[in-house]
Amino acid sequence: MTGNYDILLHKLDEFIRKYYKNQLIRGAIYVFTALLLAWLAFTSLEYFGHFSTVIRTILFWSFILAAAISTWRLIIIPLSGLYNLGKVISHEQAAAIIGTHFSNVQDKLLNTLQLKAESEKTGNNSALLLAGINQKIEELKPVPFAAAIDLGKNRKYFKYAAVPMAILIVILFAAPSLLFDGSERLLKHNTRFETPAPFQFNVENRDLKAIQSEDFNLLVSVDGKTVPNDVYIEIEGNQFRLDKENRIKFNYTFNNIQKTTRFHLFADGYTSREYELAAIPNPSVLNFNVSLVYPGYIGKQPERLQNTGDLNIPAGTKVKWEFNARNASTMKLEFRDTTFTLQPDGNLFVYSRSFIKSAGYSVKPVNEFMESKEPMEYNLNVIPDLYPTIQTEQQQDSLSSQLYYFKGMIRDDYGFSKLAFTYKFIKTSEENLRSRDQVSQMIAINKGISQDQFFYSWDMQKLMVEPGEEIEYYFEIWDNDGVNGPKASRTQSMVFRAPSLKELAEKANQNSDKMKSDLEKSLQQSKKIQKEMSEISRDMLEKKDLNYDDRKKIEDVIKQQKELEQKVEELKKQNQQNNARENEYRRNSEELQEKKLKLEELFEKLMSEEMKKMMRELEKLLSQLNKDEVKEMVDKMKLDNKDLEKQLDRTLELFKQLEVEQKMKEAIDKLDALSKEQKDLAEKTEKDKSDGKELQEKQNELNKDFEKLKEDVKELEKKNQELEYPQEVGENKEEMDAIQKDMEESEEQLAGDKKQQKKAAQSQKDAAEKMDQLSSKMKQEQAKEEQEQAEEDMNAMRALLENLIRFSLNQEALMEELKQMDVNNPRYTKLAQKQRELKDDAKVLEDSLFALSKRVAQISSMVNTEIAAINNNISKSIAHLQDRFVPQARSEQQYVMTSVNNLALLLTEALQQMQQQMQQMKQQKPGSGSCKKPGSGKPSPSAEKMRKMQQKLNEQMKALKKKWRASKRVTEKEKEWRQQWYERRTRSNGCSARGAS
């Protein structure tokens with residue numbers, strides 16, 4: 001029975017599936033037909049109605065909703081029943097449907113199902129019941145339940161679907177835009193579409209894409225049968241009028257686009273479709289930092305800059321960029337030669353690099369849409385470590401041409417490493433060949449600053465520079481460049497050229513002539529001042545007061561005296577400079593050098609400080625208009641000026657003598673040098689290896705040099721004759737003519753053949769030998785002349801000392817006799833007469849001493865001052881004796897004694913110096929001997945006589961020194977009394993003063 005019942009259920013299930021299949025087919029036809037008609041209706045309505053977005057949205061969603069409901073009801077539910085998904089009809093319901101179709105079944109099928117269900121429910125499985133159920137099943141087996149449903153009956157519903165299909169086909173061929181345009185606008189129900197109008201809106205922009213944060217210019221044109229005058233745009237409910245370019249073209253600017261924007265155009269009641277302006281994100285740099293790490297040697301701390309792209313950095317600086325960007329996936333850092341693409345490191349784009357050269361660079365942020373249209377462009381200016389600079393100034397010492405003082409300024413970017421002074425010989429003398437290697441001397445500087453001043457002195461005397469040599473020198477500075485290594489700069493090379501012997505001689509002649517000329521001018525000016533002072537003093541005796549003309553004359557004299565003082569000072573400096581520079585290259589003999597020093601001392605003492613002081617006091621007295629005091633000061637100045645005149649005369653004569661001696665020495669030196677050169681040329685001629693023309697030219701040069709030597713000797717003889725006491729220079733004309741003849745013959749022979757050239761060598765040797773002989777002769781004559789003159793001067797000095805001592809004793813005796821003499825004694829007149837005789841003796845002493853001082857440089861310049869004081873005080877003593885003022889006369893006589901003693905001591909010191917020099921001369925030049933000086937008329941004393949005279953003088957000088965010390969003490973006491981007496985005398989009528997004059 002179970003098998004029959006299962007078959008029954010299987011047939012029922014088959015019926016149920018066919019039942020749902022029939023509903024699915026019929027529902028599909030209904031849905032297709034209804035939706036197709038709705039779609040055609042909605043698209044037609046939209047096509048002709050051009051509804052707004054709201055209506056289109058309603059139509060769209062209405063269609064969707066109807067489609068969804070009908071599909072659910074007519075397709076989804078039957079389909080789920082077909083596959084037994086969800087709720088389906090039961091077997092009982094299926095039996096009822098089958099019963100209505102098959103009349104013979106009627107309720108049998110339903111009763112069978114109910115009986116089976118009841119038996120299972122109650123558990124009554126009686127055979128009787130089961131047999132009844134089985135019987136009914138057997139009766140129902142032949143009935144085809146599935147035949148109750150005829151699927152073919154659904155064909156009649158296709159005619160409903162054929163109508164919209166026919167309409168669809170017609171529209172597709174007749175007006176396809178009705179379907180597509182309407183369907184498109186319904187599908188894009190939120191998009192505003194342009195209403196068909198007599199004109200058409202055309203957006204002429206290639207694409208509607210705007211860069212974020214930038215402006216976008218919308219270009220619109222209209223075309224059609226008629227065009228509107230104005231076109232408007234609607235953006236998010238806001239309407240704006242487009243700018244009109246011409247009749248059919250319009251534009252509108254979207255300012256600072258930030259997001260995608262929808263808009264549509266409208267004009268004259270017609271609206272365009274909706275457009276979308278897409279906002280493309282613009283990559284940009286928000287901010288950036290730059291870290292600078294400077295080279296260590298410049299001593300600058302690292303820096304960090306914000307938003308600073310233009311950089312000025314030292315070479316070797318390491319630069320690190322950190323960019324913070326927006327809307328950027330990469331960053332392009334472009335230099336002139338290379339482009340670097342930076343990837344993000346977290347939120348930053350980082351790049352670092354050291355720079356040696358300047359570079360321009362740009363920063364471009366990039367994203368998937370675009371590169372930044374406005375890249376940031378900067379310049380990175382690398383400041384190279386420049387070469388250091390050095391500037392120097394040099395100053396030559398006023399007294400030495402071989403002493404230079406340098407002041408310099410060095411500059412650099414960051415500091416220095418060293419400074420050096422470098423020199424080398426580029427030309428040396430043949431006798432003293434030197435190394436040509438450079439010599440550098442380091443100079444201390446402050447290395448850590450960018451600018452420093454330095455001072456340096458260079459004394460070439462340590463190098464023993466010879467005449468004619470040349471030295472190249474310069475300064476060199478190195479910087480502290482730690483990147484490329486220290487760089488050096490140097491000053492322009494300078495050359496020190498030592499003057500040649502010829503140039504030295506010419507310069508010495510010029511200086512000598514100028515010195516003599518200046519001395520003579522100063523001497524003449526001194527004589528003129530002396531004469532004017534005498535006239536002023538004489539005129540003042542005849543006047544009671546000073547008038548304007550007197551003051552003018554005195555002021556003129558003072559002015560002339562100051563000019564003379566200035567000239568004398570210039571003479572001192574000039575002489576000092578000449579001596580200092582000449583001694584740098586000339587090695588003078590000890591005697592000659594000592595004479596120069598003595599002469600230099602004379603120049604130093606030409607203008608005394610007392611004379612300058614008196615000029616200042618005289619200027620003050622002129623303003624007080626005190627005639628007596630002015631006259632007294634003029635008289636004092638007259639005496640001092642007289643002393644200056646003598647000093648100038650003496651200095652001029654000694655200068656001339658020294659010039660002659662030096663010229664003689666130079667002539668001998670030149671002769672020795674020519675002899676050596678002539679010998680060397682003779683050796684070259686004998687070797688016969690040199691070119692004859694070259695030898696001839698060299699001999700010609702020697703001939704010219706010898707000719708110049710002859711001229712120098714003539715000039716020497718001329719200068720010697722200008723002396724007051726000419727020296728014995730000897731007659732050397734024959735020897736020089738013979739030498740010149742040999743030299744000229746050798747030059748002629750060198751122009752001949754080889755045989756003549758051999759003869760030329762012998763002539764050259766003869767000339768050199770004669771030169772040596774002449775040089776020896778001149779040296780002997782010079783030494784002999786110096787010794788003879790020294791002996792004669794010492795004899796004159798001793799004689800002068802004897803006369804001076806005799807004068808001192810006579811003056812002392814007169815003072816003692818006058819001390820006890822009554823003014824009314826008849827012998828008083830004889831004593832006054834004796835004082836006048838002593839004045840005449842003093843005049844003789846003065847003339848002799850002055851003449852001797854012009855020959856002997858060892859005599860101090862103070863001797864003329866003392867002798868002038870002697871004469872002045874004797875004159876005053878005579879005046880006091882006339883006025884019978886015995887105490888005052890004795891006071892003046894005491895001053896005379898003081899000056900005499902001072903003078904004797906000065907002369908004794910000079911004599912001792914001369915004796916020492918004489919002894920040295922004899923030791924250096926033994927066997928020179930002495931002879932009678934031509935024109936002197938007096939033989940030289942023997943050594944024994946000289947020794948006795950010297951011993952006697954020494955004894956007398958000891959006695960004079962004792963008296964001098966005592967007289968000095970008396971003089972100091974009497975000086976105050978004398979001053980008081982003069983003051984009383986000045987206040988009187990002045991008669992005594994005129995009488996004394």
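**Salt bridges, stop by stop**

Select Lys 300 to begin: with a relative accessible area of 45%, Lys 300 is partly exposed, a class that lies between buried (under 20% relative accessible area) and exposed (over 50%), using a 1.4 Å probe and protein chains only. The model is predicted, so local features need pLDDT of at least 70 and side-chain atom pairs count only at pLDDT 80 or more, while totals for chains, interfaces and linings use all residues. Residues are numbered from 1 along each chain as its sequence is written, and side-chain values use heavy atoms, leaving out hydrogens and water.

Glu 303 and Lys 300 form a salt bridge, with 3.8 Å between the closest N and O atoms; the term requires a side-chain nitrogen of Lys or Arg within 4 Å of a carboxyl oxygen of Asp or Glu. The count by this rule is 24 salt bridges.

Next, select Asp 481 and Lys 487. Their side chains meet in a salt bridge at 2.7 Å, N to O, and both Asp 481 and Lys 487 are buried.

Move on to Asp 712 and Lys 670, whose side chains also meet in a salt bridge, 2.7 Å from N to O. Asp 712 sits in helix α13 (residues 692-721) and Lys 670 in helix α12 (residues 627-687), so this pair ties together parts 42 residues apart in sequence. Helices here are DSSP runs of H or I, at least four residues long, numbered from the N terminus. Lys 670 is partly exposed, at 28% relative accessibility.

Last, select Asp 385, Asp 479, Asp 481 and Lys 487 together: salt bridges with shared partners join these residues into one network.

Terms used. Helix = DSSP H or I, 4+ residues; strand = E, 2+ residues; numbered from the N terminus.
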